[in-house]
Amino acid sequence: MKKPTPDFRAILRILREHRVDFIIVGGVCAVLQGAPINTFDLDIVHSRKPTNLDRLIKALEALNARYRTSGHEKLKPRASHLASSGHQLLMTLSGPLDLLGTIGHGHSYEDLAGEAKELDIGEGLRAQVLDLTALVRIKAETAQEKDKAQLAVLRRTLEEKSRS
Amino acid sequence: MQAAAAEPTYSEDGVDLTLIRWMLSLTPAERLDVLQQHLRSVLRLRGEKANS
């Protein structure tokens, strides 16, 4: 697959059209809440209920999703992959998409749903986004050296938000 | 009369607070547009053909 320019709204639109239950986490989540960081992929935590996996598989077919890990570029994700707590790193027609069964120390869609909020992300689209406070807390659980600079930006963003 | 203290430009750990304040002045949709525009610029600079 030719490397596309990431178009996050295009991916989110397909997921919404297929009524997939998911929460945006990671860099796009942080940007939507005011953090000045950059990211090239869209990270989501999806509900792993069978009915949702059926809808997610159809959405991924519409996005022509394939694994982007070396040697697996022709492999399509299956429901059994998406039912796991692991991370599925995919390439789609509209750029990289990471499907995360859980994040941090095992937080699932159901665990995070109470800390998500719906945001208007433009062009008639709305999406569930993990609250920035929860994102910082969970990111800190498993932060490696490379994550520390980004965590500092997220924490300062939270401070500035509390002042405004 | 003393002038009001200016807001700090950087945090103690080196984060540019002016960028954060600017991003917070935007709507979520506008923030997403900023990110998308940045990605297109980076990829263009890297010589990759952007889908528009």
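The model is predicted.

**View 1. Arg31(B) and its contacts.** Arg31(B) sits in helix α2 of chain B, residues 28–45. Is Arg31(B) buried or exposed? Arg31(B) has 25 C-beta neighbours inside 10 Å, so it counts as buried. The cut-off for buried is 20 or more. Glu12(B) is 19 residues from Arg31(B) along the chain. The C-alpha atoms of these two residues are separated by 25 Å.

**View 2. Chain B as a whole.** Chain B has two helices and zero strands. Chain B contains 52 residues, and buried residues make up 12% of them.

**View 3. Where chain A touches chain B.** On chain A, 23 residues are in contact with 23 residues of chain B. Three elements of chain A each supply at least two residues to this side: α2 (26–32), β6 (116–122) and α7 (148–163). Which element gives the most? The answer is α7(A), with six residues. By type, the residues on this side of chain A divide into 12 nonpolar, six polar and five charged.

**View 4. Helix α7(A) against helix α1(B).** Here a helix of chain A meets helix α1 of chain B, residues 17–24. The axes of α7(A) and α1(B) come within 10 Å and cross at roughly 55°. The two helices are therefore oblique to each other. Their crossing is right-handed. From α7(A) come Arg156(A), Thr157(A), Glu160(A) and Lys161(A). They meet Leu17(B), Ile20(B), Arg21(B) and Leu24(B) in α1(B). The residues of this contact divide into three nonpolar, one polar and four charged.

**View 5. Helix α6(A) against helix α7(A).** This pair lies within chain A: helix α6, residues 132–141, packs with α7(A). The angle is about 150°, and the axes are 10 Å apart. That angle makes α6(A) roughly antiparallel to α7(A). The cut-off for this term is over 145 degrees. The crossing is left-handed. On α6(A), the contact is made by Leu132(A), Thr133(A), Leu135(A), Val136(A), Lys139(A) and Ala140(A). On α7(A), it is made by Leu151(A), Leu154(A), Arg155(A), Thr157(A) and Leu158(A). Seven of the contact residues are nonpolar, two are polar and two are charged.

**View 6. Ile23(A) in the nonpolar core.** The largest nonpolar core has 51 residues. Which residues have the most contacts inside it? They are Ile23(A), Val25(A) and Leu130(A). Residues up to four places away in sequence are not counted in the next list. Ile23(A) touches Ile44(A), Val45(A), Tyr109(A), Leu112(A), Ala113(A), Ala116(A), Gln128(A), Val129(A) and Leu130(A).

View 7. Arg19(A) lies in the loop between α1 (8–17) and β1 (22–25) of chain A. Its phi is near 55°, a positive value in a residue other than glycine. Arg19(A) counts as exposed because it has 12 C-beta neighbours inside 10 Å. Glu123(A) lies in the loop between β6 and β7 (125–130) of chain A. The phi of Glu123(A) is near 55°, again positive in a residue other than glycine. With 12 C-beta neighbours inside 10 Å, Glu123(A) counts as exposed.

Methods
Residues are numbered from 1 along each chain as its sequence is written. Chains are lettered from A and ligands numbered from 1 in the order in which they are written. This is a predicted model: local features need pLDDT of at least 70, side-chain atom pairs count only at pLDDT 80 or more; totals for chains, interfaces and linings use all residues. Two residues are in contact if their C-beta atoms, placed from the backbone, lie within 7 Å. Helices (H or I, at least four residues) and strands (E, at least two) are DSSP runs, numbered from the N terminus. Ala, Val, Leu, Ile, Met, Phe, Trp, Tyr, Cys and Pro count as nonpolar, Asp, Glu, Lys and Arg as charged, and the others, Gly among them, as polar. Axes are lines fitted to C-alpha atoms, for helices over the stretch in contact, and angles run from 0 to 180 degrees between N-to-C directions. Angles under 35 degrees count as roughly parallel, over 145 as roughly antiparallel, 65 to 115 as roughly perpendicular and the rest as oblique. A crossing is left-handed if the near helix is turned anticlockwise from the far one by less than a right angle, and right-handed if clockwise. A nonpolar core is a set of buried Ala, Val, Leu, Ile, Met, Phe, Trp, Tyr and Cys residues joined through C-beta atoms within 7 Å.
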